[in-house]
Structures are given as structure tokens and as C-alpha cells.
Amino acid sequence: MKNSFFSRFTPKEPKFFPLLKRLSDILTQSANMLAECLKHDSPAERAEYYRRIKDLEREGDKQTHLIFDELGTTFITPFDREDIHDLASSIDDVIDRINSCAKRIHIYNPKPISESGKELTSLIQEEAEYIHKAMDELEIFRKKPATLRGYCSKLHDIENQADDVYELFIKKLFEEEKDAIEIIKIKEIMYELEKTTDAAEHVGKILRNYIVKYA
């Protein structure tokens, strides 16, 4: 705990900061790859982007497990072990969601993705970038939490924006699309994109708890 006498005078193991930073690197790469995927309509191109994103998802799993392993062998950690565990898990969850989006695009192979879908992927990219920036603040936010708090607010605002995009798209989809199978395909993909923005906002909620607990 931050207020314990022992913790104030014991050096903290700093290796978790670069480990979490690397995990956020994988997240931003995945988000950028997903945005590129939506620019292509051929099954072969979609399959290739899914393969690349799947490789990143596996790399994210390895990085997350490395963090968990280090938690089990490190005596003094910069934050409580369960807090580091939750943060790493939540970032990995966003990567998993991105992989799930790419998988659905590959398997369902819908018509060209609408501009609303591309807008959601752009929002996912923004969230990934704020999470990436937030990892830079972890080592210093105790002295100046305003920057990290601002990133958390951005994640919340983006998720609300994604909700609006999704709801408007679904309304138009049922009004304009006449192919029932296509409706099912697109709705599933858009739902997964929207849930990815939710997962990214959850990272922000965990970071807000860091501010309350440690700043």
C-alpha cells in the first residue's frame, strides 16, 4: 500500500513500466492493422490482415503472461500486484477484441464495410493511442495526475461517441438493408467493434482507480 512505512523506503522494481508499455505498443499496432483491414474488400486481403492481427494477438498474450510471471517472482512492485494484473489483463482484452473483429470480417466476408464501421475503427485507434500515452505516465503520475486523468476522460468520451455511431448505424441498417443475411453479418461485426471501444474505456476506469489509490 502506498501509505505503509515499509513501502516508502523500499525501492520499487521498475521493470513493469516497459513491460506494460510494450503491451500497449502491440495494442496500437493491432488497432492500426484493423483500420487498414477495413479499407479492403477482397476475401484474400481480409484473410491476410486477420492473420497479421492474430499474430499480434498471440504476441499480446505472451507479453501479458510475462507480466503475470514477473508478478509472481518480484518482491516489491510499483503498485499492488492485483492492480498491475488488472491493468495488463484489460489491455490484453482490447487486443483480443480487435482480433475478434478481424476474425468476423474474415469469416463473414460482408459487403464493403460502411463508413460507420470505419469511423468505429478510427475511434478504436484513438483509444489505443491514449492508452499508449497513459503507459508513459504510469511512472510519474503520482506527482502530476492531471495528464493521466485527462487520458481517462478522453477514453470515456470516445466510448460515448462510439455508442452514438453504433446506434445510428443499426437504425439505418434495418431501414435500408434488404438482405437478411447481410444484416446479420454486418450487425455482428459492428457489435464487436463497439464492444472493443467499451473494452478500451475499461482500461481508463482501471487507470482512474490508480489515480484515486496512488496519486
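Angles under 35 degrees count as roughly parallel, those over 145 as roughly antiparallel, 65 to 115 as roughly perpendicular, and whatever is left is oblique. The model is predicted, so to speak of a local feature takes a pLDDT of at least 70 and side-chain atom pairs count only at pLDDT 80 or more, while totals for chains, interfaces and linings use all residues. Residues are numbered from 1 along each chain as its sequence is written, and side-chain values rest on heavy atoms, with hydrogens and water left out.

Helix α2 (residues 16–37) packs on α5 at an angle of about 165°, the axes being 9 Å apart. Here axes are lines fitted to C-alpha atoms, for helices over the stretch in contact, and angles run from 0 to 180 degrees between N-to-C directions; helices (H or I, at least four residues) are DSSP runs numbered from the N terminus. α2 and α5 are therefore roughly antiparallel to each other. The crossing of α2 past α5 is left-handed, meaning that the near helix is turned anticlockwise from the far one by less than a right angle. On the α2 side the contact (heavy atoms within 4.5 Å) includes Leu20, Leu27 and Leu34, which meet a set in α5 that includes Ile124, Ile131 and Met135. Sorted by class, this contact of α2 with α5 comes to nine nonpolar, six polar and four charged residues. For the classes, Ala, Val, Leu, Ile, Met, Phe, Trp, Tyr, Cys and Pro are nonpolar, Asp, Glu, Lys and Arg are charged, and the others, Gly among them, are polar.

α2 also packs against helix α3 (residues 43–73), again at about 165°, with axes 10 Å apart. That makes α2 roughly antiparallel to α3. This crossing, too, is left-handed. Among the residues in touch are Phe16, Leu23 and Met33 of α2 and Tyr49, Ile53 and Leu66 of α3. The contact of α2 with α3 holds 14 nonpolar, five polar and five charged residues.

α5 has a further partner in α7: their axes come within 10 Å and cross at roughly 20°. That makes α5 roughly parallel to α7. Their crossing is left-handed. Leu120 and Ile131 of α5 are among the contact residues, as are Met190, Val203 and Leu207 of α7.

A pocket is an open set of points on a 1 Å grid over the protein atoms alone, where a 1.4 Å probe fits, with protein on both sides within 12 Å along at least five of seven lines; lining residues have an atom within 4 Å of a point. Of its 14 lining residues, Ser114, Phe169, Lys172, Leu173 and Glu176 are the closest to the centre. α5 (115–137), α6 (146–176) and α7 (180–214) each give two or more residues to the lining, and α6 gives the most, with six. By class, the lining has six nonpolar, two polar and six charged residues.
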